[in-house]
Amino acid sequence: MGLQFVLGRANRDKRSVLLDEIAESLTKQTEESIFYLVPDHIKFQAEMTVLEKLSHYPYFEKKPIMGMMHLQVFSFTRLAWYWLKDTDIYAKPQLTTTGLSMLIRKLLIEHEEELTIYRGEVRKDGFVQQMTDLFLELRSGRIAQADLDHMMFSLGTSPKEADFKLKLQDLSLIYQAFDAALLNKYIESEDIVSALIQKVEELDLSKTTFYIESYYQFTAQEQALILALMKAAKKVTIALTTDKAYAVEKPEMHNLFQTSGATYYKLYQLARQNNVPVYKDKLIQEIDEAYCGELNQLEEFWVETSQLTPAKNE
């Protein structure tokens, strides 16, 4: 059980640091399992790159075919399928974003007369898409019906707050109908992540290590999944593109690394609050040779200008 961060700016080779650790583990020929997690859109390329780079390590150079039994390059989606493919969760039909939009359009029409602020927007395509995106964001952020109700009751009586309360009432009405329509009939990606978290809590992952890279932020559900992995696995290592650790406070809004720095802060605090050991960070200072001088100069420019420091007098 434990968490470690590998940090460095964009032109620092953080992946090689992860692969050095992985190569060392695989060389020992232990029964340890390793999962390398990346976003969906780069999974195939990341898998090819990881295998290609590992093939140049001394232990693997003489192998005619490069393949791994103890190393899996997955996304969160693929990890869910890997562990849940034989469970009931995949027996239910899964709605696509288009299917969800169709469902929301149907619900809006059914409840049109009950709406106040949004009644005139019901039959507009753009509104349906915005409503779909909002509901998906609410579910991935683990915002429940009770949270919306609490927000409504906490509002005051000023004209601005009264208008916002009417909007929330409309949203709450459709969101409640949306949840009821999905219950025990369809699954969403958020349902799969919830099932995956439960599965992680049931598995023995004491000999399993996770490496996570190429993310700059995580949804509330993904954070909950990472926490479950931190508690159950031997170790979780996360590579983030940031200039330093942000353990005590989040970076300022103008900071170039604000998003990834805030991600570091959230995960660090999450580990501390749940008594998960946090290992010393690995801060990469050496510039990756694969980056050209022009890109390095551009990065230096963006870092310096984002610091909002007064210009130096010549």
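Glu-47 and Lys-43 sit four residues apart in helix α2 (residues 43-54), so about one helical turn separates them. Helices here are DSSP runs of H or I with at least four residues, strands are runs of E with at least two, and both are numbered from the N terminus. The two side chains meet in a salt bridge, 3.7 Å from N to O. The term salt bridge covers a side-chain nitrogen of Lys or Arg within 4 Å of a carboxyl oxygen of Asp or Glu. Glu-47 is partly exposed, at 28% relative accessible area. Buried stands for under 20% relative accessible area, exposed for over 50%, and partly exposed for the range in between, with a 1.4 Å probe and protein chains only.

The model is predicted: local features need pLDDT of at least 70, side-chain atom pairs count only at pLDDT 80 or more, and totals for chains, interfaces and linings use all residues. Residues are numbered from 1 along each chain as its sequence is written, and side-chain values use heavy atoms, with hydrogens and water left out.

Back to charge pairs. Side chains of opposite charge can pair when their charged atoms come close. The salt-bridge rule gives a count of eight. One of them joins Glu-21 to Lys-282, with the closest N and O atoms 2.6 Å apart. Glu-21 is buried at 13% relative accessible area. Lys-282 is partly exposed at 30%.

Arg-139 and Asp-179 form another salt bridge, at 2.5 Å from N to O. Arg-139 is in helix α5 (residues 125-140) and Asp-179 in helix α7 (residues 159-182), so the pair ties together parts that are 40 residues apart in sequence. Arg-139 counts as buried, with 16% relative accessibility. Asp-179 counts as partly exposed, with 26%.

Is Thr-132 buried or exposed? Thr-132 is buried, because its relative accessibility is 1%. Apart from neighbours within four places in sequence, Thr-132 is in contact with Thr-97, Leu-100, Ser-101 and Ile-104. Contact here requires heavy atoms within 4.5 Å.

Now the rings. A pair of aromatic rings is described by the distance of the centres and the angle of the planes. Rings of Phe, Tyr and Trp (its six-membered ring) pair if their centres lie within 6.5 Å; planes under 30 degrees apart are stacked, over 60 edge-to-face, and the rest tilted. The whole structure holds 15 aromatic pairs. In one of them, Phe-35 and Phe-74 have ring centres 5.9 Å apart and planes at 45 degrees, so the pair is tilted. Phe-35 comes from strand β2 (residues 33-37) and Phe-74 from strand β3 (residues 71-74), 39 residues apart. Phe-35 is buried at 4% relative accessibility, and Phe-74 is buried at 6%.

Trp-83 lies in helix α3 (residues 76-84) and Phe-210 in strand β4 (residues 208-212), so the pair ties together parts 127 residues apart in sequence. Both Trp-83 and Phe-210 are buried. Phe-35, Phe-74, Tyr-82, Trp-83 and Phe-210 form one aromatic cluster.

Charges also meet rings. Lys-85 lies over the face of Tyr-82, 5.3 Å from the ring centre. Lys-235 lies over the face of Tyr-279, at 5.1 Å. The rule asks for NZ of Lys or CZ of Arg within 6 Å of the ring centre and within 35 degrees of the ring normal.

Last come two backbone features. Most residues other than glycine have a negative phi, and most peptide bonds are trans. Ser-214 has a positive phi near 75 degrees and is not a glycine. Ser-214 is found in the loop between β4 and α9 (220-232). Ser-214 is partly exposed, with 35% relative accessible area. Asn-275, also not a glycine, has a positive phi of about 55 degrees. Asn-275 lies in the loop between α10 (258-273) and β6. Asn-275 is exposed, with 65% relative accessible area.
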